[in-house]
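Trainee: I have a new model open. How should I read its helix packing and its core?

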Amino acid sequence: MSQSFKLTKDPIWFLLRKVTIPASVGSLFQTFYNLVDTWFAGRISAEAIAAIAKSFPIYFTIIAIGVGLTAGTNTLIGNNIGANNKNKASLFVAQSIIFAIFLSILVTFFGLNVSDFLLSLMGSDQEAIILTRKYLDVIFYGTIIVLIQISLNGTLNAQGDTKSYRNVLIFSFFLNIILNPLFIFGYGFIPAFGIAGLAIATVVAQFVGLLYLAYKVYCCELKKYLKPECFIPKFDLLGELLYQTIPVMFSMLLIGVGLFNILYFIGQFGDLATAGYGAALRIEQVFLLPVIGLNTAVLSIGGQNFGAKNYDRLRELYRKALMFGSSFMICAGIIIFLGAEFLVSLFTDNQEAIKHGAIYLKVAALIGPIYPVFFITTAVFQAVKKPLYSLYLSILRLTALPFLSLWYVINIKGGDYEDIFYTILVTNWFMGIAVLMFIGYFLNNVFKQNKSLFTY
């Protein structure tokens, strides 16, 4: 893999642009991919849409583990490349694949044996459970493909390559448009699989992406250090991967918990309030895509520079990434605030739902500038091999503080629908300011510890 830039040498602004933009574009096409699946599910039946919706919290376990695996792989390979220890970096390439296979076995076993129970908790009757399982079972059997693909992406990200996965996501989006009707409705010798066809199309697209990423890893610089013996399990390295992966994985799962928490309080104001919030949330997520790309960029650039002991560059990276992310969210916030009603109306024509969605979007526009603090700080925690701090931040920001605050505002003070979002606004800014006050002390302490270990 030819690379025209060096993460430990080139100007930070240049690197942020080179790494962030492809990651953001890839995330955008991932969002489009999910919308296409929802659209095709609607061509099957309304029950199929409900089945896909109810499958997501269960499917989210794969996403959470995948994000953790990517972060762990990216961090450990990046740190070793930065330290010019390419032999150990190549070992982590192989051990990450082994780790992905092990995790996929656990996830598949979990999914196949626990799905019925979880679906019943969400209120599905036996007929709905059978329909949803037709989709979920195929997805879980394909977990090994997903997680190996994610492992390979972590290897490429650690070297600053976010373009390859972007290419996979763009190609998968268009391939999915072709494969979905082919497997759902059948053609020629291919039978009609119905809702299972959605999952089959996904697995096939992911397998094609895996082959492409495997080729890109085969062409990268680390390939010459990668030998068959690297693929023998090494439990000390697997332990390091586990340590880096688990906190990030649970941080991702807490996003789901936090969303459930907010929906619990919104649900007290009726289905139309929930519908409006759901539509508004999709719009907010689109505007957050560049910040998500920034998270990937900071992790990739920060991991190598921490390994190379370029601590001043890491501080510079944090400042400039924060400046870029917050500036973007201020501009996005103006658009969101002024166009709130119009944006929500793209998803629903119900005036009551539009009103509720617009209320959230206008408050979200004021929250937006502080969001990059959390994404970028989390990436820095991971880059300096302190992933537990990401978990602590997620627990406070997504669960403990919002739940206690919302419980007080709604149940004790008798707050209205919009008070939910003003409470979220206050808690996010409070946490963001606290993180900004903490990060300087945290980085100084980590760098001091690392220098002491190096000197010793």
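This is a predicted model: local features need pLDDT of at least 70, side-chain atom pairs count only at pLDDT 80 or more; totals for chains, interfaces and linings use all residues.

Trainee: Which numbers describe two packed helices?

Mentor: The angle between their axes and the distance between the axes. Now the case here. Helix α3 (residues 86-121) packs with helix α8 (residues 235-266) at about 70°, and the axes are 10 Å apart. The two helices are therefore roughly perpendicular to each other.

Trainee: Which residues of α3 and α8 make the contact?

Mentor: From α3, the list is Lys88, Leu91, Phe92, Gln95, Ser96, Ile98 and Phe99. From α8 come Leu237, Leu238, Glu240, Leu241, Leu242 and Thr245. Sorted by class, this contact of α3 with α8 has 8 nonpolar, 3 polar and 2 charged residues.

Trainee: At what angle do the axes of α1 and α9 cross?

Mentor: At roughly 130°, and the axes come within 7 Å. Here α1 covers residues 12-44, while α9 covers residues 271-307. The crossing of α1 past α9 is right-handed.

Trainee: What does α1 bring to that contact, and what does α9 bring?

Mentor: α1 supplies Ile12, Leu15, Leu16, Val19, Thr20, Ala23, Ser24, Ser27, Leu28 and Thr31. α9 supplies Leu289, Pro290, Ile292, Gly293, Leu294, Thr296, Ala297 and Ile301. By class, the contact of α1 with α9 has 12 nonpolar residues, 6 polar ones and no charged ones.

Trainee: Now the core. Which members of the largest nonpolar core touch the most other members?

Mentor: Ile301 and Phe421, in a core of 71 residues. Helix α9 gives this core its largest share, 15 residues. Another core lies apart from it, with 58 residues, including Val36, Ile58, Ile81 and Val93.

Trainee: What does phenylalanine 421 contact, beyond its neighbours within four places in sequence?

Mentor: Phenylalanine 421 is in contact with Ile266, Tyr277, Ile359, Tyr360, Val363 and Ile367.

Trainee: Next, single residues. Is isoleucine 52 buried or exposed?

Mentor: Compare its relative accessible area with the cut-off: under 20% means buried. Isoleucine 52 has 16%, so it is buried. It sits in helix α2 (residues 46-82). Leaving out residues up to four places away in sequence, isoleucine 52 touches Ala41, Tyr135, Ile195 and Leu198. Aspartate 37 is 15 residues from isoleucine 52 in sequence, and their C-alpha atoms are 8.7 Å apart.

Trainee: And glutamine 244: buried or exposed?

Mentor: Buried, with a relative accessible area of 3%. Glutamine 244 lies in helix α8. Not counting residues up to four places away in sequence, glutamine 244 touches Gly72, Thr75, Leu76, Gln382, Lys385 and Pro387.

Trainee: Lysine 385 is on that list. Where is lysine 385 found?

Mentor: In the loop between α13 (371-383) and α14 (387-412). Lysine 385 has a positive phi of about 65°, although it is not a glycine. At 31% relative accessibility, lysine 385 counts as partly exposed.

Trainee: What is phi of lysine 309 near?

Mentor: Near 60°, a positive value in a residue other than glycine. Lysine 309 has its place in the loop between α9 and α10 (311-338). Its relative accessible area is 32%, so lysine 309 is partly exposed.

Technical notes. Residues are numbered from 1 along each chain as its sequence is written. Side-chain values use heavy atoms; hydrogens and water are left out. A nonpolar core is a set of buried Ala, Val, Leu, Ile, Met, Phe, Trp, Tyr and Cys residues joined through side-chain atoms within 4.5 Å. Buried means under 20% relative accessible area, exposed over 50%, partly exposed in between (1.4 Å probe, protein chains only). Helices (H or I, at least four residues) and strands (E, at least two) are DSSP runs, numbered from the N terminus. Contact means heavy atoms within 4.5 Å. Axes are lines fitted to C-alpha atoms, for helices over the stretch in contact, and angles run from 0 to 180 degrees between N-to-C directions. A crossing is left-handed if the near helix is turned anticlockwise from the far one by less than a right angle, and right-handed if clockwise. Ala, Val, Leu, Ile, Met, Phe, Trp, Tyr, Cys and Pro count as nonpolar, Asp, Glu, Lys and Arg as charged, and the others, Gly among them, as polar. Angles under 35 degrees count as roughly parallel, over 145 as roughly antiparallel, 65 to 115 as roughly perpendicular and the rest as oblique.
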